[in-house]
Amino acid sequence: MIKAILLIAILALAMLLGPVLTNNPGYIKLVLAGYVIEMTALGFAIVLIVALLVLYLLVKVVRHLLRIQHFSLNFFSSRRERKANRAFASGLHAYARRQWAEAASQLQLALQAGDFSQEKRFLAAYAAFYAGDYDQAKSVVAKLAEDDPNRQYLEAEMLLHQGHASQAVLTLEALLQQPPVDPALGQLYLRALQQAGQWQQLLVAAGRAATGHWFDKVSWRQQRFALYPQAIRHLAGEAGFDQQQNDWQALPAKERKSAAAALGLAWAEANAGQADAAEKRLVAVLSLADIAPAWPHLRQIALGHSVLRLRKQTQHWLRDNPSNGYLYAVLAYLAEQEGEQQQAQQAWQKARQYQPELR
């Protein structure tokens with residue numbers, strides 16, 4: 001509609017001015033270095049337009065041949081852009097070196113000109129956040145769009161870092177109601193629920209994470225160990241964990257049968273005096289690949305003397321993997337359960353020989 005109105009306005013102007021210029025074409029005389037150039041005003045306008053068009057095309061060709069990305073005839077604008085680019089480079093270097101205050105300062109200078117303003121603003125806000133200057137981080141990120149996932153993620157993470165986990169949960173819950181779900185926000189939501197100690201809701205969110213693909217397949221396999229054992233331990237009563245509760249049954253069967261879930265259930269059973277059932281569950285579910293991520297949780301399960309089957313399984317794995325420190329750590333833990341301190345000490349020495357970081 002606007003284009004049609006402009007076209008009508010141009011045609012009307014041409015109809016009004018056309019006869020005037022035809023009857024009174026005007027006259028221009030240029031005297032330059034002894035040369036005299038005479039032409040009508042209309043002819044001069046046409047020549048000027050053609051000359052500018054040729055100059056524009058010539059500049060485009062030269063920029064393409066010389067691969068010049070940015071060019072400006074405005075000296076001050078060009079100088080400001082060069083300073084902003086240098087500040088951007090310095091800010092990125094400081095960010096990589098984790099010099100957060102310097103990075104925040106340089107990246108804010110970089111916002112004065114140049115491209116990638118959204119990215120510069122996001123990095124500047126995060127650098128200020130890492131430097132501990134929350135007010136500056138909020139003021140920088142506030143200029144991003146309210147529905148920008150980067151802004152939402154940073155604001156929620158700042159709440160978590162400041163100890164406002166419950167508030168972060170409420171903020172993220174509202175954001176996750178709007179499809180499509182941003183996986184990064186979903187991952188942060190799980191962290192917020194853990195920090196807030198909302199274990200029932202964590203089970204519900206874990207189901208959403210599994211079906212909504214908030215993590216890739218490998219990452220989710222590891223992430224389960226950070227969720228289920230801890231949630232089940234906090235939800236288990238003196239009689240153990242109620243597997244008939246709605247939140248647990250709502251989880252996909254694959255999640256309920258996972259090794260990570262088995263660790264939590266085994267802890268609950270052992271805590272309720274069912275050590276034999278706990279050991280049977282661990283032997284049936286744990287695989288060699290699960291031992292390393294399972295270790296921090298496995299060592300908290302009080303099996304007592306119900307360790308024979310798990311010990312045989314571990315020794316079987318050890319025959320084919322004699323340098324796996326985690327297997328020696330499991331043997332040490334099993335020996336401690338039976339009160340065999342000397343054997344436990346020997347196994348611990350082997351475990352730390354192959355995995356020095358084990359504790």
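# Helix packing and selected residues

H213 counts as exposed, because its relative accessibility is 61% and the cut-off for exposed is over 50%. The model is predicted. H213 sits in the loop between helix 10 (199-212) and helix 11 (217-235), and its phi is positive, about 55°, although it is not a glycine.

- F116 is a residue other than glycine with a positive phi, near 60°.
- The location of F116 is the loop between helix 4 and helix 5.
- F116 has 53% relative accessibility and therefore counts as exposed, the cut-off being over 50%.

**Helix 14 with helix 15**

- Two packed helices are described by the angle between their axes and the distance between the axes.
- For helix 14 (residues 259-271) and helix 15, the axes cross at roughly 170° and come within 8 Å.
- The pair is therefore roughly antiparallel, since angles over 145 degrees are classed that way.
- On the side of helix 14, the contact is made by A259, A262, L263, L265, A266, E269 and A270.
- Helix 15 contributes A275, A277, A278, R281, L282 and V285.
- By class, this contact of helix 14 with helix 15 has eleven nonpolar residues, two charged and no polar.

**Helix 15 with helix 17**

- Helix 15 (residues 275-285) packs against helix 17 (residues 308-320) with the axes 8 Å apart and at an angle of about 25°.
- An angle under 35 degrees counts as roughly parallel, so helix 15 is roughly parallel to helix 17.
- The crossing of helix 15 past helix 17 is left-handed.
- From helix 15, the contact residues are D276, E279, K280, L282 and V283.
- From helix 17, they are L308, R309, L310 and Q313.
- The residues of this contact divide into four charged, four nonpolar and one polar.
- L282 of helix 15 takes part in the contact with helix 14 and also in the contact with helix 17.

**L308**

- L308 lies in helix 17 and is one of the residues in the contact with helix 15.
- Its relative accessibility is 55%, so L308 counts as exposed.
- L308 and L334 are 26 residues apart along the chain, and their C-alpha atoms are separated by 8.6 Å.

**Buried face of helix 6**

- Which residues of helix 6 (residues 134-141) are buried? They are A137, V140 and V141.
- Viewed down the axis of helix 6, these buried residues fall within an arc of 90°, so they line one face of the helix.
- An α-helix has 3.6 residues a turn, so residues three or four places apart point the same way.
- The buried residues of helix 6 pack against helix 4 (100-110), helix 5 (117-130) and helix 7 (149-161).

**L185**

- L185 belongs to helix 9 (residues 183-196).
- Is L185 buried or exposed? With a relative accessible area of 4%, L185 is buried, because the limit for buried is under 20%.
- Apart from neighbours within four places in sequence, L185 is in contact with P149, Q152, Y153, L172, L175 and L176.

Methods: Residues are numbered from 1 along each chain as its sequence is written. This is a predicted model: local features need pLDDT of at least 70, side-chain atom pairs count only at pLDDT 80 or more; totals for chains, interfaces and linings use all residues. Side-chain values use heavy atoms; hydrogens and water are left out. Buried means under 20% relative accessible area, exposed over 50%, partly exposed in between (1.4 Å probe, protein chains only). Helices (H or I, at least four residues) and strands (E, at least two) are DSSP runs, numbered from the N terminus. The arc is that of the directions from the helix axis to the C-beta atoms. Contact means heavy atoms within 4.5 Å. Axes are lines fitted to C-alpha atoms, for helices over the stretch in contact, and angles run from 0 to 180 degrees between N-to-C directions. Angles under 35 degrees count as roughly parallel, over 145 as roughly antiparallel, 65 to 115 as roughly perpendicular and the rest as oblique. A crossing is left-handed if the near helix is turned anticlockwise from the far one by less than a right angle, and right-handed if clockwise. Ala, Val, Leu, Ile, Met, Phe, Trp, Tyr, Cys and Pro count as nonpolar, Asp, Glu, Lys and Arg as charged, and the others, Gly among them, as polar.
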